Amino acid sequence: MKGNTKSTFNEFELLTVHNLYVLSTIGETHKILKTVIPPTLLSLFTKSQLNPMRLLLPSENRLVNLSKNFVYNAHIVWNKLFTDSNYTLDDDTFDIETTYIKRRVREYLLSIQKRHGDTWSVTNFYMS
């Protein structure tokens with residue numbers, strides 16, 4: 001008999017490793033942008049003047065090995081969540097606590113993960 005873990009993930013509200021990565025990346029990025037610490041990392045993040053929720057990608061010469069770079073991936077995850085999807089926050093994102101952001105993002109990721117009943121699908125993983 002073939003087993004499936006999705007019902008267990010849904011029952012206990014566990015995030016998959018893919019969605020945990022998104023949650024952790026959003027949390028760490030928010031902390032950097034909110035507290036402006038450490039300044040060396042903050043200098044790699046630039047907010048768009050047209051849409052303050054969009055982060056502009058740093059130039060390639062500032063980052064080495066882009067696909068494995070936290071700052072590069074943080075820009076992609078942040079922009080996909082806050083500007084390219086229907087996900088929104090009611091408050092000013094940089095005036096609220098990181099724990100609140102993480103809780104809301106976790107709820108959003110769980111709702112995506114629960115789609116399609118007890119069968120895993122590519123759409124159950126946010127960055128797919």
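Which residues does Asn19 touch, not counting residues up to four places away in sequence?

Guide: Leaving aside residues up to four places away in sequence, Asn19 touches Leu109, Gln113, Asn124, Phe125 and Tyr126; a contact means heavy atoms within 4.5 Å. This is a predicted model, in which local features need pLDDT of at least 70 and side-chain atom pairs count only at pLDDT 80 or more, while totals for chains, interfaces and linings use all residues. Residues are numbered from 1 along each chain as its sequence is written, and side-chain values use heavy atoms, with hydrogens and water left out.

Asn19 lies in helix H2; helices (H or I, at least four residues) and strands (E, at least two) are DSSP runs numbered from the N terminus. With a relative accessibility of 0%, Asn19 counts as buried. The scale calls a residue buried under 20% relative accessible area, exposed over 50% and partly exposed in between, with a 1.4 Å probe and protein chains only.

Helix H2, which spans residues 17-35, also packs against H4 at an angle of about 100 degrees, the two axes being 9 Å apart. Axes here are lines fitted to C-alpha atoms, for helices over the stretch in contact, and angles run from 0 to 180 degrees between N-to-C directions. H2 and H4 are therefore roughly perpendicular to each other, since angles of 65 to 115 degrees carry that label, those under 35 count as roughly parallel, those over 145 as roughly antiparallel and the rest as oblique. On the H2 side the residues that meet H4 include Tyr21, Thr25, Glu28 and Leu33, and their counterparts in H4 include Phe70, Val77, Trp78 and Phe82.

Glu28, one of these contact residues of H2, also forms a salt bridge with Lys31, at 3.2 Å from N to O. The term denotes a side-chain nitrogen of Lys or Arg within 4 Å of a carboxyl oxygen of Asp or Glu. Because Lys31 and Glu28 are three residues apart in helix H2, about one helical turn separates them. Lys31 is partly exposed at 36% relative accessibility, and Glu28 is partly exposed with a relative accessible area of 36%.

By this rule the count comes to two salt bridges. The backbone of Glu13 has a phi near 50 degrees, a positive value in a residue other than glycine. His116, in the segment after H5, has a phi near 70 degrees, also positive in a residue other than glycine. Most residues other than glycine have a negative phi, and most peptide bonds are trans. A cis peptide bond joins Ile37 and Pro38, with omega at about -5 degrees; Pro38 belongs to the loop between H2 and helix H3 (39-42).

H4, the packing partner of H2, covers residues 70-82 and contains Ile76.

Of its 128 residues, 38% count as buried. Among contacts with a separation of 6 or more, residues 24 or more positions apart account for 61%.
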